[in-house]
Amino acid sequence: MNKIIKTIGLSLVVLSTAACGQKKEETKVTEVTKSTVTSTVTDSAKVKEEAKKAAIAEKNALPKPYHPEENAEIKIAELVKQAQKENKNIMIQAGGNWCIWCLRFNNFVQTTPELKKQVDDNYVYYHLNYSPDNKNEKIFAKYGNPGAQYGYPVFIVLDKNGKHIHTQDSSVLEEGKGYSMEKVKKFFDDWKPKA
């Protein structure tokens, strides 16, 4: 009987030691997992913060073509007269200086000679402001509030008489963190004045 009690006692000690060892291992694994998760979250936050800083720097460096103080209704009426005189369509790029994709598009067109020529030859171009300073609600309503549907930038194409002939979602023109040369070129070609 003593042998049985000693054997059972020894077995309990071994099991207890093994269980404690397992708990220590589980604790170590849990600590490593928590550390990895914390490290990953911290790294992710750092990456996001760096991306945010890069976007702000990019936005600050790009030209600001939108003018919130401008009376868009009067400006578009002037552009219609100019378009009639020059036999061009009117390309309205709606957005604001707050919008990185709006600024990227403007910069892309202005710094790509082939696109700039295509625009200059076929369009009177206007940057219609949408911002807290001036939402141009009356003008946007006239064209069906396309920013609410597509976001910004959004393009509104008018013929030389000021008739609305097309609205273009800009997201289909994107490629990576910029715009596709071929897609933008085709868009400008599709909506230029017909001969």
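Me: Which way do strands E3 and E4 run, and how many bridges join them?
Reply: Strands of a sheet pair through backbone hydrogen bonds, either parallel or antiparallel. Here strand E3 (residues 154-158) and strand E4 (residues 164-169) run antiparallel, joined by five bridges. Pairing requires that DSSP finds at least two bridges between two strands. Strands (E, at least two residues) and helices (H or I, at least four) are DSSP runs, numbered from the N terminus. The model is predicted: local features need pLDDT of at least 70, side-chain atom pairs count only at pLDDT 80 or more, and totals for chains, interfaces and linings use all residues. Residues are numbered from 1 along each chain as its sequence is written, and side-chain values use heavy atoms, with hydrogens and water left out.

Me: What do E3 and E4 form, and how many residues lie between them?
Reply: They form a hairpin with five residues between them. Gly162, in the turn, has a positive phi of about 90°. Leu158 stands opposite His164 in E4.

Me: In what order do the four strands form the sheet?
Reply: The order is E2-E1-E3-E4, in an open sheet with mixed pairing. E2 and E4 are at the edges, and each has a single partner strand, so one side of each lacks a neighbour in the sheet. Strand E1 (residues 89-95) pairs with E2 in the parallel sense over seven bridges. Within that pair, Ile90 stands opposite Val124 in E2.

Me: Which strands does helix H7 lie across?
Reply: Helix H7 (residues 181-190) lies across E1, E2, E3 and E4, at about 110° to E2. Angles run from 0 to 180 degrees between N-to-C directions, and axes are lines fitted to C-alpha atoms, for helices over the stretch in contact. Contact means heavy atoms within 4.5 Å. Helix H3 (residues 100-110) lies across E1, E2 and E3, at about 145° to E1.

Me: Which residues of the largest nonpolar core touch the most other members?
Reply: A nonpolar core is a set of buried Ala, Val, Leu, Ile, Met, Phe, Trp, Tyr and Cys residues joined through side-chain atoms within 4.5 Å. The largest one here has 21 residues, and Ile76, Ile90, Ile92 and Leu128 touch the most other members. Its largest share, five residues, comes from H2. Apart from this core lies another of 14 residues, including Leu115 and Phe187.

Me: Is Asn129 buried or exposed?
Reply: Buried means under 20% relative accessible area, exposed over 50%, and partly exposed in between (1.4 Å probe, protein chains only). Asn129 has a relative accessible area of 2%, so this residue is buried. Asn129 is found in strand E2 (residues 123-129).
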